[in-house]
Amino acid sequence: MDKMLSVKLKGGFVSSVYSSTTLSSVEKKIESYGKNAMYVFDENTKDIVSLDKDRCVVLPSGESAKNYKSIAKIIDKALSLSLARDSIFVAIGGGVVCDMTAFASSIYMRGARLSLVPTTLLSIVDASLGGKTGIDYCGYKNLIGSFYPAEEILICTESLKSLSEKEYICGLGEVVKHAFLSPSWKLYDFLCKNSNMILNRDLATLLEMIKLSLEVKKHYIEIDPEEKKGIRSFLNLGHTFGHALESITNYNISHGEGVAWGVAKALEAGEIVSITSDEYKSKAFALLSLYPFDTSLKVPSDMIEDFLKAISKDKKKSNGSVKFVLMKGQGEPVLMPLEEQIVKSIVL
């Protein structure tokens with residue numbers, strides 16, 4: 001596998017990202033962890049590589065499995081294998097598997113080693129890098145969690161070929177979000193010029209897109225690894241609106257679709273409060289239109305109170321006020337509260 005990039009985090013900890021176009025090279029890499037490892041899959045990824053079945057945990061697939069029961073299953077398996085703090089938890093799957101394995105690793109004996117093998121585009125560009133872990137609680141997404149980065153992240157574009165169209169587009173929502181947050185126009189231009197190759201899943205094009213996307217995330221998390229300076233929070237562009245939409249639709253709207261829709265709502269809100277220029281909003285929507293995102297979706301009037309309640313539980317709340325990420329311009333996000341009437345005016 002080839003080294004793609006490294007990210008320096010709190011206390012000098014380094015997360016290294018490696019890439020390959022073949023699953024066989026990933027399998028060879030994780031086999032090198034030996035008997036000191038445990039592997040966590042879900043039903044969708046349990047057969048993606050061949051490993052010692054006695055050292056594997058298979059969780060139910062989907063967001064509904066992101067709970068304490070799954071965490072207990074991972075920890076019970078670690079105990080049955082007599083794993084210690086220097087043992088390594090290996091997640092092989094999408095964002096749900098990566099988030100849960102990382103959270104279990106962070107609390108097992110106050111912290112075991114961690115390696116992630118993200119197999120969806122969403123988990124590659126969003127869930128794998130930066131150390132956020134978590135589970136859902138009482139219907140609220142990622143309400144319980146920790147910051148616990150992986151020492152290694154192993155990316156393979158071959159796994160993206162098997163994704164459903166909906167799952168693949170879901171990941172593109174986060175990539176497009178990074179294009180707006182980037183201090184440069186490089187990722188924006190790449191997504192505009194290569195939309196056909198990206199939608200057709202050309203592996204070489206995807207590898208370059210992933211690298212550009214992760215470099216944007218690296219920029220933000222190295223400055224603010226634990227989201228204490230208000231800078232890493234900018235990576236939540238589109239998430240306050242998007243998470244609320246996911247919640248009221250029982251997650252029938254995917255995370256990436258919700259984020260893309262939320263970015264559009266943030267741009268509209270920014271224009272209303274005179275943060276976002278019409279010129280920048282138009283350019284942003286030009287990129288969104290190249291990909292199959294439904295940015296015109298409306299919240300049903302009989303669900304608006306549930307939508308607002310979901311927003312009120314957002315993790316970016318401070319001093320009792322939810323802060324939305326809005327865009328002043330390319331790579332210029334700002335955090336600010338929005339009046340309830342403005343939120344209603346753009347989602348109803």
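The second largest pocket of this structure has a volume of about 150 Å³. The model is a predicted one.

**Second largest pocket**

- The lining includes Leu308, Ile311 and Ser312, together with Ser321, Val322 and Phe324.
- Pro337, Leu338, Glu339, Glu340 and Val343 also line the second largest pocket.
- By class, the lining of this pocket divides into seven nonpolar, two polar and two charged residues.

**Largest cavity**

- The structure holds two cavities of 30 Å³ or more, and the largest cavity contains about 160 Å³ of space.
- A set of 14 residues lines the largest cavity; Lys141, His243, Ala310, Lys313 and Asp314 are those nearest its centre.
- At least two lining residues come from each of β8 (140-147), α9 (239-248) and α12 (304-312).
- The largest share of this lining, four residues, is supplied by α9.
- Six nonpolar, four polar and four charged residues make up the lining of the largest cavity.

**Second largest cavity**

- The second largest cavity holds about 40 Å³ of space.
- Helix α3 (residues 95-107) contributes the largest share of its lining, three residues.
- Among the residues that line the second largest cavity are Cys98, Asp99, Ala102 and Leu116, as well as Ala127, Ser128, Gly131 and Lys132.
- Tyr148, Pro149 and Ala150 likewise belong to the lining of the second largest cavity.
- In terms of class, seven residues of this lining are nonpolar, two are polar and two are charged.

- Ser20 counts as buried because its relative accessibility is 10%, where the cut-off for buried is under 20%.
- Beyond its neighbours within four places in sequence, Ser20 is in contact with Met1, Ser25, Ile155, Cys156 and Thr157.
- The side chains of Ser20 and Ser25 are joined by a polar contact of 2.5 Å.
- Val58 is 38 residues from Ser20 along the chain, and the C-alpha atoms of Ser20 and Val58 are separated by 24 Å.

Notes
Residues are numbered from 1 along each chain as its sequence is written. This is a predicted model: local features need pLDDT of at least 70, side-chain atom pairs count only at pLDDT 80 or more; totals for chains, interfaces and linings use all residues. Side-chain values use heavy atoms; hydrogens and water are left out. Buried means under 20% relative accessible area, exposed over 50%, partly exposed in between (1.4 Å probe, protein chains only). Contact means heavy atoms within 4.5 Å. A polar contact is a pair of N or O atoms within 3.5 Å; within protein, one must be able to donate a hydrogen and the other to accept it, and residues adjacent in sequence count only if both atoms are side-chain atoms. On a 1 Å grid over the protein atoms alone, a cavity is a set of points where a 1.4 Å probe fits but cannot get out, and a pocket is an open set with protein on both sides within 12 Å along at least five of seven lines; lining residues have an atom within 4 Å of a point. Grid points are joined across faces, edges and corners, and a volume is the space filled by probe spheres set on the points. Ala, Val, Leu, Ile, Met, Phe, Trp, Tyr, Cys and Pro count as nonpolar, Asp, Glu, Lys and Arg as charged, and the others, Gly among them, as polar.
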